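Please look at the structure first.

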Amino acid sequence: MTQYIKYVLIPFLTLLFYFFFPFPLFLEGNETTFVCVIILCFIVEYFIEKAKNGDKIYMRPIAAIKAMEEAVGRATEMGKPVLYVPGISSLDQIDTISGLTILGHVAGMTAEYDAGLQVPVCVPIVMETAKETCKEAYLKKGRSDLYRNDMVHYVTDDQFAYAAGVNGIMLREKPAAVFFQGKFYAESLILAETGNSIGAIQIAGTGSSSQIPFFVTACDYTLIGEEFYAASAYLSGSPEMLGSIKGQDYVKVGCIIMIVFVFISSALNGYGIINFDVSSLFRINIIR
Amino acid sequence: MKRQLAYFLVIFIGFLTLSGHFINYSPLNNFIDNDATQWFDIISGFAAFLGVVNLLQLHLNKISQKKDNWRYSIITLLGFLIMIFFGFIYNGSSVALGPHLKKEGSAFYWMFQNIYLPLGATMFALLAFFVASASYRAFKIRNFEATLLLISGVFLMIGRVPIGQLIPWWMSLEIYICLLFALIANRFKDKKKMLTLLTLSLLIFPILIFSLNLHDLALFKIPNLQEWIMDVPATAGSRAIMIGIALGTIAQSYRIITGREKSILGD
Amino acid sequence: MELLNKIFIKLGQLDRRFIFILIGLSVLIPLLRPDWINIPIKTTSNSRIVFEELNSLKSGDKVLLSFEYGASTKPEIHPMSVAVLQHLFSKGIKVYTVPLWPEGLMMAKFAIEEVVSSNLFKVKEHIDYVSLPYKAGGEIIIRGIATDLRSIFTQDINNTLLSEIPMMNGVNNISDFDFVFDLSAGVPGNAEWVQFACDEYNIPLSSGCTSIMVTDAIPYVESGQIRGILAGMPGAAEYEQIVFEYLNKNRNNKYLNEKVSILPGKATSRMSAQSIAHLLMVVFIIFGNISYYLTRRDK
């Protein structure tokens with residue numbers, strides 16, 4: 001009963017309040033977004049709660065995530081450092097934040113295995129955040145003595161100068177494992193091919209759909225799109241984090257159903273069987 | 001306490017930003033649209049100094065302790081100091097410092113035109129070489145999926161450039177036949193039989209297509225096929241990844257602003 | 001036969017430095033000797049859509065041209081900027097340039113200078129075009145242009161107050177523009193213009209971007225949120241060609257100087273180099289596959 005109130009009644013009342021509030025409390029034009037945000041958040045929250053209450057969650061094995069620990073182990077055995085590249089964007093990109101959350105886990109592994117870690121960064125504010133992330137990860141593993149201040153260092157803000165700098169590090173120091181986790185653009189292949197040429201085990205992850213093919217070609221493992229965002233939850237293994245992934249999957253099922261529905265109704269509208277174009281609810285500036 | 005404050009800030013600002021997108025309250029909208037973003041810019045601006053300090057510290061340490069490859073650090077520092085000198089101290093043109101950065105004739109402008117521009121373009125141009133070596137390695141007929149990748153890759157490569165228009169219809173047809181056989185090659189146990197069948201197909205199909213007057217079909221024009229690959233399968237794939245990324249982003253953001261994702265703070 | 005097999009296997013295991021040399025030569029020779037290989041350029045539907053969209057604008061219409069590329073991507077995108085500017089100036093359209101990348105400021109300056117110094121168009125600064133300065137913030141600046149341009153920009157790149165520029169009269173936000181054209185090599189780029197400004201305010205948008213970015217942008221093009229796209233160097237060459245033909249057809253246009261000759265753009269001459277490089281890559285792939293097949297068979 002409590003669950004029913006929490007996950008059905010509250011969102012329903014919120015939506016009622018949003019649409020029927022008599023005063024102009026809400027901005028116009030964001031209705032579809034609001035409905036989507038409310039539904040999505042409550043679905044994710046519901047599965048987080050379920051996971052917290054002990055519901056078992058099956059997670060499809062993701063090779064790239066499993067290989068992370070192996071890569072750090074390999075670097076340790078070879079006595080070579082691990083290179084972690086957090087992309088070239090600032091903290092206003094969710095990819096950079098995801099990259100930093102994964103860095104927290106990788107730094108924990110390097111602390112545990114006593115492997116060297118190098119994090120060259122492109123944006124100064126990311127450098128500060130990455131430093132904190134690494135420092136805390138080493139502290140949490142009880143190995144703060146291994147943390148060095150120059151582990152995370154600034155290279156340059158310029159995209160290709162940064163690529164040249166990171167390539168230089170790869171060619172000189174020959175890291176055994178290279179992680180590319182963050183937002184990447186045209187420099188992705190330049191970096192990944194150099195890593196490939198030195199024989200490093202490479203694990204990439206990005207939300208830049210145009211760069212995924214390059215990483216798939218040149219790296220050993222690649223986290224594609226949403227896998228990349230789920231990696232941190234996956235690595236933490238905590239039920240509530242995993243629950244959010246299950247919730248996300250259910251939302252995806254909902255999206256698929258919506259796509260099929262819009263497709264069918266648009267087709268019916270196109271053939272003149274129904275008079276309402278459903279897609280007009282979702283699209284604004286369309287020429288065709 | 002320090003840690004709790006950080007969590008509180010993440011959660012509070014997260015929800016405030018989200019609500020600013022929906023609530024019609026001008027101080028809140030103004031804060032989200034202008035103030036908060038300007039704060040971020042100001043903090044980023046100050047962080048630039050930290051970046052510079054870090055760069056100097058790192059390379060001065062390397063030089064003073066004569067670490068491996070310390071000589072490269074001298075070049076880095078020299079580059080840094082030269083740009084500072086021409087950007088902030090030496091002008092070389094008639095206009096004031098500041099506007100001189102975009103004034104033809106100033107030393108900084110000269111360096112931008114003659115050093116920075118060619119170096120940037122050179123690094124980008126390296127992509128051509130890396131794309132060549134990567135495609136050479138990756139485009140192998142290993143299995144069905146790899147073959148499909150190869151086929152679309154080859155069509156895109158030829159179709160995107162003017163040379164694709166010069167390919168006559170019969171050659172496109174021969175390419176299709178070869179690629180079709182590449183796809184089904186594993187199904188043939190007797191390779192000699194496959195080779196005979198391939199040769200026969202290569203000879204018969206062009207005559208057949210020509211006699212049926214089908215050679216004007218858009219299918220036999222590689223640029224058209226390239227456009228179709230980009231507009232239909234590539235767009236479909238791109239959209240699927242885009243939707244996945246959007247959902248992943250929302251779930252990740254939700255975890256962060258509800259304080260569940262703490263690894264960014266080292267937890 | 002055995003010897004042939006060995007040759008193919010060796011070719012398939014070619015050191016990547018040889019590949020680099022061959023690719024280098026395949027690009028260098030056509031660039032140095034463009035007259036050796038002359039391949040006609042055929043326009044694609046997306047380039048034609050861009051042209052038709054811009055061509056449907058009337059004299060005096062206002063177009064915002066956004067520059068989001070830098071030194072590294074200049075060879076790919078700059079020819080588009082020049083061709084688009086030529087097209088707009090030839091129709092008497094008012095152009096407002098805004099850089100969203102620090103280097104975009106210089107790129108906008110170079111493009112304007114190149115077109116103005118050709119003397120082909122009768123254009124004057126502050127009457128036919130105005131260059132806005134760079135402001136940090138990316139998407140925030142796009143949002144600012146959408147809602148209140150004057151709160152972000154108070155003067156142009158030459159420190160002239162916007163209130164003193166005649167063509168800035170009545171230009172306060174995105175709705176005062178008739179079209180936005182985005183020249184982009186990353187973020188912020190065309191996707192941000194769709195999300196933060198053009199879609200919401202119903203302002204038509206077209207874009208020119210690097211070849212790598214096309215797969216990211218194509219869903220927006222297919223949904224009509226971006227009206228046509230110039231994709232990388234081929235897109236630039238196609239647009240140059242369309243504009244070249246258009247200018248020659250409209251030689252007596254009142255916005256053009258009749259005495260100045262019309263020259264083809266730079267991207268057109270670079271397409272031969274790209275064609276040969278692509279062809280060479282296909283040859284490598286074929287050799288790689290023959291070698292792969294032979295080694296697998298031997299095993």
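The sulfur of C122(A) is too far for a bond with the closest cysteine sulfur, in C134(A), because the two are 17 Å apart. The model is predicted: local features need pLDDT of at least 70, side-chain atom pairs count only at pLDDT 80 or more, and totals for chains, interfaces and linings use all residues. Residues are numbered from 1 along each chain as its sequence is written, chains are lettered from A in the order in which they are written, and side-chain values use heavy atoms, with hydrogens and water left out.

**Cysteines**
- Over all chains there are zero disulfides, a disulfide being a pair of cysteine sulfur atoms within 2.5 Å.
- C122(A) is buried at 2% relative accessibility, whereas C178(B) is partly exposed at 36%.
- Buried means under 20% relative accessible area, exposed over 50%, and partly exposed in between (1.4 Å probe, protein chains only).

**Aromatic pairs**
- The structure holds 39 aromatic pairs over all chains; rings of Phe, Tyr and Trp (its six-membered ring) pair if their centres lie within 6.5 Å, and planes under 30 degrees apart count as stacked, over 60 as edge-to-face and the rest as tilted.
- F85(B) and Y90(B) are stacked, at 6.0 Å centre to centre with 5 degrees between the planes.
- F85(B) is partly exposed at 36% relative accessible area, and Y90(B) is partly exposed at 41%.
- Y109(B) and F110(C) form an edge-to-face pair, 6.2 Å centre to centre and 80 degrees between the planes.
- Y109(B) counts as buried at 4% relative accessibility, and F110(C) counts as buried at 8%.
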